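Visitor: I'd like to learn how to read a structure like this one. Could you walk me through it?

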Amino acid sequence: MYIYLPIAAVSLHIAVIIGLGGGVGFLSGMFGVGGGFLMTPLLIFLGVPAPVAVATEANQIVASSVSGVLAHWRRGNVDFLMGFILLAGGVVGSSLGVLLFSILRDIGQIDLVIKLSYVVFLGIIGILMLMESIRAIMRTRQPGAKRGKLHQHNWLHGLPLKVRFRKSKLYISALVPFFLAAFVGVLSAIMGVGGGFILVPAMIYLLGMPTYVVIGTSLFQIIFVTANITILQSVQTQTVDFVLAGLLLFGAVIGAQFGARVGVMLKGEQLRGLLALMVLGLSIKLGFDLIITPQDLFSTEFVR
Amino acid sequence: MMRPILIVIIGLMFGSSEGMARQLVADLSSDEVSITTDFTGQNLLLFGALSNLNANSATDAPSDIIVILTGPTLPIASRRKERVSGIWINTQTVQWKNAPSFYHILSSRPLTQILPNDKLKELKIGFKNLGLKSKNQTDEIENLEIWQESLFRNMTAQNLWQVDENAVSIIRNALFRAPVSLPANITPGDYQVRILDVKDGQLIAEDRREITVQKAGLGAFIYQLAHEYSVFYGIFAVAFAISAGWIASIAFRRN
């Protein structure tokens with residue numbers, strides 16, 4: 001059964017939408033990632049206009065982050081003080097991002113910037129994750145490896161406005177998480193992602209937060225950032241497709257449950273290695289699309 | 001569906017008093033199209049009677065029908081990519097001043113066989129005869145042709161522009177019918193339908209119809225909400241997502 005999406009103004013088969021939600025939900029449940037970085041390019045590939053895909057995906061991520069954060073909250077794995085500083089930065093960044101998005105769209109460069117951001121950030125994160133998981137797999141094969149320091153100290157720890165984060169066992173400048181979240185917020189708004197795939201490694205390696213509070217805290221802030229993007233895009237560009245978001249959500253919720261069950265059967269390093277390969281693959285594919293000569297050098301679009 | 005309509009027209013034709021009706025009469029199987037949530041495009045039937053009802057079908061040259069469907073004019077932009085340090089980037093834009101969002105031509109024979117080129121130009125029939133102008137005046141004429149070709153190509157690929165020179169069937173030199181296909185990606189608005197009856201390179205009669213395309217049902221409601229109460233819509237979308245996430249977490253915690 002085909003369904004006409006009122007905002008996207010395209011007709012897609014309902015099974016395709018729910019299946020896409022389910023498939024991406026499965027992977028996100030398995031790997032513990034949001035899945036926005038997979039969903040948004042796939043939606044664009046299916047013919048959903050890029051602005052609609054990005055804004056709608058923000059709306060869907062609100063839901064998946066809420067259900068994710070509740071589980072972490074019950075286990076007490078959310079650092080709320082850190083979360084509030086991150087969300088302040090995230091709201092500022094994502095508001096800027098939405099503004100930047102509409103400017104780029106008007107000058108016809110939004111597709112390019114979306115694809116470039118994907119290539120660059122997925123590429124960097126993919127390589128880092130792959131290296132890290134290879135190292136981890138090697139380490140498990142060499143028993144007796146030494147455990148390193150909790151985290152490395154660098155120039156970031158010398159900045160002013162220091163705050164003590166009890167849950168994260170950190171005493172660092174509030175400016176670091178604020179600007180980190182602001183930067184990720186801009187990317188969130190442009191790429192149609194929650195930003196967890198950048199925020200999580202940054203919180204672990206840059207801020208030095210313990211891994212167990214990172215996921216819950218990042219999910220907590222992603223709720224607010226994506227909610228902010230949803231509302232701003234609704235007001236500025238009217239590109240949030242509520243019907244599309246609802247159907248994706250339905251599939252994703254179910255898929256995530258199955259994914260989580262498969263995920264526990266695999267080892268952490270293997271999981272991260274697989275995720276890294278997937279992220280890298282997507283980055284290479286999108287990068288390749290930018291380099292090969294397009295079939296038609298001209299394109300036509302309806303402008304507002 | 002076809003046959004009853006034809007029978008009615010044939011009945012009308014022979015019922016009318018001879019020598020009076022030299023008019024072109026056309027109608028559509030429906031002149032209202034609703035874009036509902038299950039919309040995947042719509043096929044309509046355009047049908048009618050030729051104007052030369054009294055013509056002797058055996059001796060007279062048959063007349064031809066050209067149907068021109070034009071959708072609302074929207075701001076359309078064409079962009080051209082160039083390779084900049086290895087990657088393909090949109091570098092030039094032409095904003096079209098008067099390009100229709102939808103333009104289908106249906107005819108009973110190839111257009112150039114029906115009418116001479118200057119006549120086609122005069123009647124603005126055919127992509128090249130639309131007199132497309134760009135908003136950016138700096139473009140040179142010869143350059144503009146490449147841009148126009150690209151617009152024809154891209155709009156045709158989306159099924160929004162089309163020329164089908166075999167679509168109109170003429171039955172016994174008295175009746176005609178043509179399938180009108182509106183794809184799923186059409187823009188709501190008023191669609192003008194011009195029906196031309198042409199004989200010996202001369203336009204002998206013309207009729208006009210209009211198709212109203214509008215969003216309807218739940219989809220229309222959501223679209224309207226998104227555009228007219230956008231703040232409320234955004235807040236509602238977020239509230240929905242939060243509650244959906246919350247319900248999901250409760251539902252799957254129990255098992």
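Guide: Gladly! This is a predicted model. Let's begin with burial: of the 255 residues in chain B, 29% count as buried, the cut-off being 20 or more other C-beta atoms within 10 Å.

Visitor: What are the helix and strand counts of chain B?

Guide: Chain B has 6 helices and 12 strands. For contacts in chain B with a separation of 6 or more, 72% are between residues 24 or more positions apart.

Visitor: How do I read strand pairing, say for S3(B) and S10(B)?

Guide: Look at the bridges and the direction. S3(B) pairs with S10(B), residues 175–182, in the antiparallel sense over 8 bridges. S3(B), residues 42–49, is also joined to S1(B), residues 25–28, by 4 bridges, again antiparallel. Follow Leu46(B): Leu28(B) stands opposite it, and its bridge partner in S10(B) is Ala178(B). As for side chains, in a regular strand they alternate between the two faces of the sheet.

Visitor: Which strand of chain A is joined by bridges to S5(B)?

Guide: That is S5(A), residues 298–302, which runs antiparallel to S5(B) with 5 bridges. One of the pairs is Phe302(A) with Ile76(B).

Visitor: And how many residues does each chain bring to the contact?

Guide: Chain B brings 47 and chain A brings 46. On the chain B side, S5(B), S6(B), H4(B), H5(B) and H6(B) each supply at least two residues. H6(B), residues 230–253, gives the most, with 15 residues. By type, that side of chain B divides into 26 nonpolar, 16 polar and 5 charged residues.

Definitions and conventions: Residues are numbered from 1 along each chain as its sequence is written. Chains are lettered from A and ligands numbered from 1 in the order in which they are written. This is a predicted model: local features need pLDDT of at least 70, side-chain atom pairs count only at pLDDT 80 or more; totals for chains, interfaces and linings use all residues. Two residues are in contact if their C-beta atoms, placed from the backbone, lie within 7 Å. Ala, Val, Leu, Ile, Met, Phe, Trp, Tyr, Cys and Pro count as nonpolar, Asp, Glu, Lys and Arg as charged, and the others, Gly among them, as polar. Two strands pair if DSSP finds at least two bridges between them. A residue is buried if 20 or more other C-beta atoms lie within 10 Å of its own, exposed if 12 or fewer, and partly exposed in between; C-beta atoms are placed from the backbone.
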